[in-house]
Amino acid sequence: MNEITGYLESKIVSYLMNLHMVPRPIYFSRHGQSQYNVEDRIGGDPDLTQRGYAYAKKLGAFFNEENKKGVVGKSTRFFTSTLKRAVVTSNHVNFGVKPV
């Protein structure tokens, strides 16, 4: 781990690192760009922009490559919020992993 600063961030990393004794990769990602990001607004549940959809597709391609390498697979857990922008972004990860 590097560049982890702040109380909350360090607690999250500590929690995640101690969930299991077996080493495993942990990935963090934001949702793709939303309409509110473009408008410099916070909150709400807006749709993704074209750039947001492009990011979601690239995120899906990245995880498909990780799956081919055997780094992730069907036992991988994918956590997302229930906001539309997060769900739409996560829907592009499609190698058998269901969002939790």
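# A tour by way of the aromatic rings

A search of the whole structure finds 3 aromatic pairs. Here rings of Phe, Tyr and Trp (its six-membered ring) pair if their centres lie within 6.5 Å; planes under 30 degrees apart count as stacked, over 60 as edge-to-face and the rest as tilted. This is a predicted model, in which local features need pLDDT of at least 70 and side-chain atom pairs count only at pLDDT 80 or more, while totals for chains, interfaces and linings use all residues. Residues are numbered from 1 along each chain as its sequence is written, and side-chain values use heavy atoms, with hydrogens and water left out.

**Stop 1**

Select Tyr-27 and Phe-62. Their rings form an edge-to-face pair, 5.6 Å centre to centre with 75 degrees between the planes. The pair links distant parts of the chain, 35 residues apart: Tyr-27 is in the loop between helix H1 (7–17) and H2, and Phe-62 is in helix H3 (residues 50–69). Helices (H or I, at least four residues) and strands (E, at least two) are DSSP runs, numbered from the N terminus.

Ring pairs link Tyr-27, Phe-62 and Phe-63 into a cluster.

Which member of the cluster is buried? Phe-63 is, with a relative accessible area of 7%. Tyr-27 is partly exposed at 34% relative accessibility, and Phe-62 is partly exposed at 37%. Buried means under 20% relative accessible area, exposed over 50%, and partly exposed in between (1.4 Å probe, protein chains only).

**Stop 2: Glu-66**

Stay in helix H3 and select Glu-66. Is Glu-66 buried or exposed? Glu-66 counts as buried because its relative accessibility is 7%. Leaving aside neighbours within four places in sequence, Glu-66 is in contact with Tyr-27, Val-71 and Val-72; contact means heavy atoms within 4.5 Å.

**Stop 3: Tyr-36 and Arg-41**

Go to helix H2 (residues 35–38) and select Tyr-36. What sits over the ring of Tyr-36? The charged end of Arg-41 does, 4.0 Å from the ring centre. A charge sits over a ring if NZ of Lys or CZ of Arg is within 6 Å of the ring centre and within 35 degrees of the ring normal. Not counting residues up to four places away in sequence, Tyr-36 touches Arg-41, Gly-43, Gly-44 and Pro-46. For a distance check, draw a line from the C-alpha of Tyr-36 to that of Phe-78: the two are 24 Å apart in space and 42 residues apart in sequence.

**Stop 4: Asp-40**

Select Asp-40, in the loop between H2 and H3. Most residues other than glycine have a negative phi. Asp-40 has a positive phi of about 60 degrees although it is not a glycine. At 71% relative accessibility, Asp-40 is exposed.

**Stop 5: the whole chain**

Zoom out and show the cartoon. The protein has 4 helices and 0 strands, in the order α-α-α-α along the sequence. The C-alpha trace spans about 45 × 35 × 20 Å along its principal axes. Of the 100 residues, 24% are buried. Among contacts with a separation of 6 or more, 46% come from residues 24 or more positions apart.
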